[in-house]
Amino acid sequence: MIKLKIKLVDKMTLNNKTETIIYHTDSPEKVYSLFQLLGYPKNKLLSPSYKRKLDEFDFSKEEKDKITNIYTVFNFDAKLQIFLVETKALANPLIRYITKKFSDLYLKFLLIFTSDYREYNFVFPEFERVEEGKLKLKITRLNFDRTNPYYTDLQTISNLSLTGEEESWRDIWIRWKEAFSVEKVTNKFFEDYKNAFFELRKTFESQQIPIKQSHELAQQFLNRLMFLYFISKKRWLNDNPKFIRWFWQRYREKLKSGTVKPDTFY
């Protein structure tokens with residue numbers, strides 16, 4: 001029998017205070033507190049008691065009815081802002097519509113969407129040149145459930161933190177751009193994947209399995225795991241986007257109660 005110890009990281013190796021507050025970001029006040037913790041200047045963070053009037057944004061009536069409240073969380077000399085947008089649902093067309101409206105009014109900004117202060121969409125918009133004199137709005141999004149975020153979710157939010165060396169709003173915007181860099185996240189993923197692969201192959205080799213078969217086994221295992229991750233994120237497994245973690249935790253509970261045998265998780 002091939003034995004494999006399954007490791008799921010329940011506590012990420014990021015700043016513990018940042019991680020803790022993300023888990024408890026269940027109100028507008030906690031969103032403001034998150035950015036305080038990330039090092040944003042207090043004199044540029046506004047009060048959660050201040051809500052924007054929806055009429056300021058020239059939304060269509062149909063879309064306006066889907067918005068509950070808008071807060072300006074952060075304002076750096078009217079050049080760089082962070083907005084918190086409460087909506088009745090996190091529909092993709094609505095998020096894109098609101099982002100486009102904001103891009104008509106503001107130069108550089110970050111949007112945070114939520115409908116229940118559990119699920120969040122961080123939206124980083126920027127314009128990219130498609131041809132001479134023509135720009136296209138590019139939207140990079142981070143979707144996460146604060147009660148069960150992925151490691152990469154926590155890492156991206158942690159990367160929004162300021163070092164204290166930022167001298168202008170442009171320096172902060174560059175921090176945002178780097179945090180939401182798809183290329184950077186992809187490279188980090190493949191580096192972690194490579195490390196996991198070799199650790200897994202080594203585990204198989206330690207059980208007297210020839211290196212060729214260990215190599216193929218590690219590939220097969222990770223490919224299947226990635227496939228399960230993909231279909232669970234689409235809610236095709238028990239309508240649970242974190243099915244693998246749930247399934248493993250359930251096995252551990254049953255193992256503790258003695259209702260399943262050791263080394264039978266598959």
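# Helices, cores and rings in a predicted model

Q: Is helix 5 mostly covered or open, and how many of its residues are buried?
A: Helix 5 (residues 151-158) is mostly covered, with six of its eight residues buried. Buried means under 20% relative accessible area, exposed means over 50%, and partly exposed is in between, using a 1.4 Å probe and protein chains only. Helices (H or I, at least four residues) and strands (E, at least two) are DSSP runs, numbered from the N terminus.

Q: Which residues of helix 5 are the buried ones?
A: Asp153, Leu154, Gln155, Thr156, Ile157 and Ser158.

Q: What should I know about the model before going on?
A: This is a predicted model, in which local features need pLDDT of at least 70 and side-chain atom pairs count only at pLDDT 80 or more, while totals for chains, interfaces and linings use all residues. Residues are numbered from 1 along each chain as its sequence is written, and side-chain values use heavy atoms, leaving out hydrogens and water.

Q: What is the mean pLDDT?
A: The mean for the protein is 88, and 92% of its residues reach 70 or more. pLDDT is the predictor's confidence in each residue, from 0 to 100.

Q: Which elements have the lowest and highest mean pLDDT?
A: Helix 1 (residues 16-23) has the lowest, at 76, and strand 2 has the highest, at 98. Over residues 5-14 the pLDDT is below 50. Where pLDDT is low, the predicted coordinates should not be read in detail.

Q: New topic. How many residues are in the largest nonpolar core?
A: It has 35 residues, and those with the most contacts inside it are Phe35, Tyr40, Ile82, Phe122, Leu160 and Trp176. Helix 6 (residues 169-179) gives the largest share, five residues. A nonpolar core is a set of buried Ala, Val, Leu, Ile, Met, Phe, Trp, Tyr and Cys residues joined through side-chain atoms within 4.5 Å.

Q: And what does Tyr40 touch?
A: Not counting residues up to four places away in sequence, Tyr40 touches Phe35, Leu45, Phe74, Ile82, Leu160, Leu162, Ile172 and Trp176. Contact means heavy atoms within 4.5 Å. Apart from this core lies another, of 19 residues, including Leu94 and Phe113.

Q: How many aromatic pairs are there?
A: A search of the whole structure finds 26. Rings of Phe, Tyr and Trp (its six-membered ring) pair if their centres lie within 6.5 Å; planes under 30 degrees apart count as stacked, over 60 as edge-to-face, and the rest as tilted. Phe83 and Phe102 form a tilted pair, 4.8 Å centre to centre with 55 degrees between the planes.

Q: Where do Phe83 and Phe102 sit in the chain?
A: Phe83 is in strand 2 (residues 80-87) and Phe102 in helix 4 (residues 92-105), 19 residues apart. Both are buried.

Q: Why is the pair of Phe247 and Phe265 tilted?
A: Their ring centres are 5.5 Å apart and their planes are at 50 degrees, so the pair counts as tilted.

Q: Last one: where is Thr147?
A: Thr147 is in the loop between strand 5 (134-145) and helix 5. Thr147 is partly exposed, with a relative accessible area of 38%. Its side chain makes polar contacts with the side chains of Arg118 (3.3 Å) and Asp145 (2.7 Å). A polar contact is a pair of N or O atoms within 3.5 Å; within protein, one must be able to donate a hydrogen and the other to accept it, and residues adjacent in sequence count only if both atoms are side-chain atoms.
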